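Dear colleague,

Please find below the structure that I am handing over to you, followed by an account of what was found in it.

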Amino acid sequence: MGDLTDLLNWHYEDPVSERERRMNHLMYSQQDNPTRYQGNRNPFIDHPELVWTIWGGHANNSMIYVGSSAPADGTSTQTIDLGPVIRGGTLGSPQSVTIRKTGSDPTTFDMIADGDVICSSVAPRQTFVGGNGNRNITVSLSASTATCGHKSGTIYIDNTDLTSAAIGRGSADGDDTISVVADVLEHSNASFNDNSDQNTLVIDFGEIPRNSGVEYNLFELYNLESVAGFTAGLDLDSISSSGDTSILGTTLSTFTNLQAGEPTEADATFNTNTLPGAYQATYTLHVSDQNISGAQSGTSLVLTIRGEVTPVPIFPFDNDGDDDIDLDDLQSFLNCLNSPGTAISPDCEVHDSNIDGDVDLSTSPPSDSFHRIGF
């Protein structure tokens, strides 16, 4: 019992408990303990930092900090981001933070919480024994996710020793801050219009002559920003289709996390290398929020694409495009002659004026023959 070193070690190894603080108060308070109060307090329970000041033998050289390296003045900060969550979802899981201590001397410290932070380790008059050490605590947030915005809470750590051996040591040890943050986002909103919520779009190519190739029409899909700075990303999960999809298509493909206020571009396509007629295809876009807590499916968007393939002109025989019909065009026609029922190449479709799938000299009208135009 007379060994000062052991007594000092015990003081820091067994810090003041809440029970001891209550007992200390009841021994002092006539109001709370009228029959057994003594009217005096133990100052080393109220202020355990006094012990090193009186019996430590020299100025304290401890430093408390958070993060990976000890700062020169002892002031340190660490931010724990629980990540985004969509309105109505669940905030991210509690995270572990390591509080570190360096220096050969023991010390006392207070841990104070502010804002929406949750930490069971928050308490005053805590201790670190001599030498290097660390302590893991768990932090989270109690903020509501019913409203969008930035949520945060802070833990402050104050080295409460009363003496200092150097800058950043003991009483000169700067305070340490642990910030716990999260963002609550509004649901995403897909639209074909950047200024309003438009869930349907019709693209009509109109009338295009047969064999004009593939036509393109650009369109955009937006993720409308519902709450500035706090709107979830948009996922296009799948696309279902019906109708003449082999003729009328789209280059749009699935994607994830389209940021609020941003568009993605795609084309509607019309392949006119087909038989004359009116065509229509419908594409249903199935969307949802980005894949985080609170994500929901959004309203599906419907893209309708239309177009009509018209027959080639009555005089399709100007194959070389020189605005006259001459022996060169005749030779091209003769090169394309084939037997009925035999497939023709795309280059010969211009001579299939009766659109029966072959190029022949049939006398049954309508005919592919050059005599139809008086050649």
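**Two loop residues with positive phi**

Arg125 lies in the loop between strand S5 (117-118) and strand S6 (126-128). Please bear in mind throughout that the model is a predicted one. Arg125 is not a glycine, yet its phi is positive, at about 55°. Most residues other than glycine have a negative phi. With a relative accessible area of 24%, Arg125 is partly exposed.

**The chain as a whole**

The chain has 5 helices and 18 strands. Its radius of gyration is 40 Å, well over the 21 Å that the globule rule gives for 375 residues, so the chain is more spread out than a compact globule. Taken along the principal axes, the C-alpha atoms fill a box of roughly 130 × 45 × 30 Å.

Of the 375 residues, 40% count as buried. The chain exposes about 19200 Å², of which carbon and sulfur atoms supply 47%. Among contacts between residues at least 6 apart in sequence, 70% join residues at least 24 apart.

**The nonpolar cores**

In soluble globular proteins, nonpolar side chains tend to be buried together. Which residues have the most contacts inside the largest nonpolar core? They are Phe192, Phe205, Phe219, Leu248 and Leu303, in a core of 27 residues. The elements that give two or more residues to this core are strands S11 (200-209), S12 (214-223), S13 (234-243), S15 (255-258), S16 (263-271), S17 (277-289) and S18 (301-310). The largest share, 5 residues, comes from S17. A second, separate core has 23 residues, including Leu91, Phe109, Ile157 and Val180.

Phe205 deserves a separate word. Leaving aside its neighbours within four places in sequence, Phe205 is in contact with Glu215, Tyr216, Asn217, Leu248, Ala268, Thr269, Phe270, Ile305, Arg306 and Gly307.

**Aromatic pairs**

The structure holds 4 aromatic pairs. One of them is formed by Phe44 and Trp55 and is tilted, with 5.5 Å from centre to centre and 50° between the planes. Phe44 belongs to helix H3 (residues 43-46) and Trp55 to helix H4 (residues 50-55), and the two are 11 residues apart. Both members are partly exposed: Phe44 has a relative accessible area of 25%, and Trp55 has a relative accessibility of 40%.

Another pair brings us back to the largest core, where Phe192 and Phe219 are among the residues with the most contacts. Why is the pair of Phe192 and Phe219 edge-to-face? The centres of the two rings are 6.3 Å apart and their planes stand at 65°, so the pair is edge-to-face; planes over 60 degrees apart count as such. Phe192 lies in the loop between strand S10 (190-191) and S11, and Phe219 in strand S12, so the pair ties together parts that are 27 residues apart in sequence. Phe192 and Phe219 are buried.

**Two helices with a buried face**

In helix H1 (residues 4-13), Leu8, His11 and Tyr12 are buried. These residues cover an arc of only 90° around the axis, which puts them on the same side of H1. An α-helix has 3.6 residues a turn, so residues three or four places apart point the same way. The buried residues of H1 pack against H3, H4, strand S4 (107-115) and S6.

Which residues of helix H5 (residues 327-336) are buried? They are Asp329, Ser332, Phe333 and Cys336. Seen down the axis of H5, the buried residues fall within an arc of 100°, so they line one face of the helix. Phe333, found in helix H5, has a relative accessible area of 1% and is buried. On the other side of H5, Leu327, Asp328 and Asn335 are exposed.

With kind regards

Technical notes: Residues numbered from 1 in each chain as written. Predicted model: local features only at pLDDT ≥ 70, side-chain atom pairs only at ≥ 80, totals over all residues. Heavy atoms only, no water. Buried < 20%, exposed > 50% of the residue type's maximum accessible area, 1.4 Å probe, protein only. Helix = DSSP H or I, 4+ residues; strand = E, 2+ residues; numbered from the N terminus. Arc of directions from axis to C-beta. Core = buried A, V, L, I, M, F, W, Y, C linked by side-chain atoms within 4.5 Å. Contact = heavy atoms within 4.5 Å. Rg over C-alpha atoms; globule rule 2.2 N^0.38 Å. Areas by Shrake-Rupley, 256 points an atom, 1.4 Å probe, with all protein chains shown as cover. Phe/Tyr/Trp six-rings, centres within 6.5 Å; stacked < 30°, edge-to-face > 60°.
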